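Colleague: I am new to this one. Please walk me through how to read it.

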Amino acid sequence: MDRSRAVLALVALAAFALLPFAAGPFWMGLATQMLIFGLLALSTDLLLGHAGLFSLCHASFFAVSAYTVAILQVRYGAPTALAAPAGLLVGTLLAAVFGLAVRTRGVYFILVTLALGYVVWGVAHRWSSFTGGDNGVTNVPFPAVGPFRIETHTGYYYLVLAVIAACALAYRALVRSPFGLALRGIKASESRMRSLGYRTGLHLYAAFVLSGAIASLAGVLYVYYNRFVNPVSASFPVSVEAVLMAIVGGTGTVLGPFLGSAIILGLRNWVSSFFELYAAVLGIVFIATVLWAPDGIMGLARRLRERAGVAPA
Amino acid sequence: MTSAILQAINGISLAALLFLLASGFTLSFGLMRVVNMAHGAYYLLGGYIGLSVARATGSFAAALVAGGLAVVVLGLAVDRFLLRRTGENHLAQVLLTVGVAFVIGDVALRIWGGDFLKVPVPVSLRGAMELPGGLVYPTYRVALILLGTVVGALLWILYRKTQIGAVVRAGVDDREQVAATGINVDRLFVMVSALASFLAGMAGVAGGAFLTLYPGAEWEILVYALVVVIVGGLGSLGGAMIGALVVGLLDAYGRWLLPEFSYFVLFAPMALLLLVRPRGIAGKDA
Amino acid sequence: MTADALRVRGLAKEFGGLRAVDDVSLTVGAGERRVLIGPNGAGKTTLFHCVSGSLRPSAGEVVLFGREITRLAEPRRTALGMSRTFQISNVFADLALIENMSLALLGTDRRKWLLHRAVSAFGALRARGMDGLARVGLEHRADEPARTLSYGERRQLELALALNTNPRVLLLDEPCAGLSPAERQRISQAIARLPREITLVMIEHDMDVALGLADRVTVMHRGKVMLEGSPDEVQADPEVREVYFGHV
């Protein structure tokens, strides 16, 4: 089981590495986006697929780190070596504050994170003197640390690929660790976990902050790719799409969120070229996924494998 | 001083509107354990339809009714064909209804366009009136406060003093028990859901006359309604009233005193509540 | 202070107007086997909830090995040696049996906070988990999800989980409820074999099991302690016979 997964991952990695040579800049750009948003989706899945918490505010951490990098580099001329870690830090700190939300469960948690997400969007939108309002912050330069300067889109693509690959490995270790198992235990039965000696609130808080850090990293990668950031990055559709990507691809897995990201972004690109009602199409994808494929693609694949008689995962 | 009072009335008029929207949402959850994120889209659609009806007929009353009824039909269809399949899976309900909201929002965009539109205020309610104490205030907003109060009073009487209300309250506390007494629970659900939809659609028309209607409004109003419900507690009608007042007043004063941070002012008390009473002021178990 | 494992003093728990537990006091000595009996609604499980920490009592105190734990959160009580089983099996249905055991074993272990090493790499942990499963006859199903277990097997897993948290005081809530005679035998034997380092407090309806295992019996009725004594004393008491056996 593990070997075939490892082979699959290596094949995927190779495919990604060769992409710029096989396809044009358009596909490479799409692949970069897919990786970045896949990471954002992954961050929501740490909470959803493992701890059972459905967060609707992860775009906040994504956007706040992006804004931090942008403002530091563009307005204060800070170097990447300062701006990028600062972005990561600020986003994570916000997650530490929003982590208060884990004092609630179930529906309340969903609603509270939705509302918290709106705070950031609202601030980005209205505090125009600082955030640039609807126009956001533009002209973010390519990242440069000392002698290492990224000067092309291709170069940035490989940087993102390397970061994502490293993240995926680290995330995999995390979910297989005692901490990851504890999260799944809380999802399965929080009362049992408490009686076994786990301080579940603390575990969930730690998970929330960790997931916020991952989302912040995605935000840093995003702002250097997009070269600008505006309030849309903090908006509700971004948060909910991230969760949808995780679900479509398959929650509780490492590959699922990236698969889901590829599907959703691919769909968007394909549909918007001939049909104007993209949001409606996305809405239908939401509905269809809930009704017919709640396990996502990975779940579908697993069920097909089980039906074909191969040993269950 | 007058400014402060004016802001208070602003806040109360917003509270009236939010109450119309939040009461349906909270009762739907309390009774049917359904989280319907399309409520904001219901508001917007109701508003747009009311707008078209008002333009065609010149009647604001007709617009209110049309907006409400259109959403009732839509809401029943969503319940029957979509929400019924999700049982009590809140995650599924949220995703499903967000999807519905996306569809409604996009379709509305195609039909009514992206401009900021206003539902025409009826002639009798235009302009300003003089309030006791000498303050001059837009008549329409006063009428809105009256509407909210009347609806609130009616709902309260219905909820607390009638037999149907007693059944709904019992159902909010224990659905199985109500079903066991032989009452047609399905019909009850349909009625409550229809009422919630009607209120949302009507709120859209009422709100569309002083706040504007535009793509994205459905999410902004939903978030406000959700904060009302969080503060007041899911499933509590009284909580929705208190929550609406809190949110309305905070928004008015926030916009007046700290316009750049007004959203923050609004959500800070919610954060505080999370620290102290995660279940809201009067909430039932989620 | 004393060698008492568990001391409950003046404990009360009110729900609305109902006193589910009404001024209950009892003392369980270290190593003792105490059985709690009483008709349904007597407040036995509620008492357990207050002792284990899943409910806050309205009044009274709970003392564990001389340490007051009345206000302590449930996980902290487990860290101090409290463990319990639930009346309705509360296992991790979606997780494999061995994962269930790993969670139990790690609950009182600082390594539960490790973020980078895979649980599967903890060889000794897995061995102890398999041991725990073997003791309730479930080791051959170690990698299957707990939801595939039968009712009786779940009760066994429930017991196995509670046993693997390094307990000093074990609260068993009707461990034999709903089991076939053979399963009942197996579980009561497993319980009988537990070392005296673990103090047992057990709620049980099956009189044979209860009286066979108990050192002392506490009878509860309508939230109060009605009588306390040796199994023979309790069995002979006429009031108990009326209240309890009359209901059977």
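**Contacts, chains and core**

Modeller: Start with one residue. Setting aside residues up to four places away in sequence, Leu18(B) touches Tyr224(B), Ala225(B), Val228(B), Ala244(B), Val247(B) and Gly248(B). Two residues are in contact if their C-beta atoms, placed from the backbone, lie within 7 Å. This is a predicted model, where local features need pLDDT of at least 70, side-chain atom pairs count only at pLDDT 80 or more, and totals for chains, interfaces and linings use all residues. Residues are numbered from 1 along each chain as its sequence is written, while chains are lettered from A and ligands numbered from 1 in the order in which they are written.

Colleague: Which residues have the most contacts inside the largest nonpolar core?

Modeller: A nonpolar core is a set of buried Ala, Val, Leu, Ile, Met, Phe, Trp, Tyr and Cys residues joined through C-beta atoms within 7 Å. Buried means that 20 or more other C-beta atoms lie within 10 Å of the residue's own. The largest core here has 269 residues, and Ala115(A), Leu18(B), Leu21(B) and Val227(B) have the most contacts inside it. This core lies between domain 1 (4-91 + 167-247) and domain 2 (92-148) of chain C, because both give residues to it. The domain bounds come from an automatic or database domain assignment.

Colleague: How many helices and strands does chain A have?

Modeller: Helices (H or I, at least four residues) and strands (E, at least two) are DSSP runs, numbered from the N terminus. Chain A has 14 helices and two strands. Its C-alpha atoms fill a box of roughly 55 × 45 × 45 Å along the principal axes. Of the 313 residues in chain A, 55% are buried. Among its contacts with a separation of 6 or more, 76% join residues 24 or more positions apart.

Colleague: Where does chain B touch chain A, and which element gives the most?

Modeller: An interface can be read by residues and by class. Here 38 residues of chain B meet 36 residues of chain A. On the chain B side, α4 (90-112), α9 (217-232) and α11 (262-276) each supply at least two residues. α4(B) gives the most, with 15 residues. By class, this side has 29 nonpolar (Ala, Val, Leu, Ile, Met, Phe, Trp, Tyr, Cys, Pro), four charged (Asp, Glu, Lys, Arg) and five polar residues (the others, Gly among them).

Colleague: How many residues does the contact between chains C and A take?

Modeller: That contact takes 32 residues from chain C and 20 residues from chain A. The largest share of the chain C side, five residues, comes from α3(C).

Methods. Buried ≥ 20, exposed ≤ 12 C-beta atoms within 10 Å, placed from the backbone.
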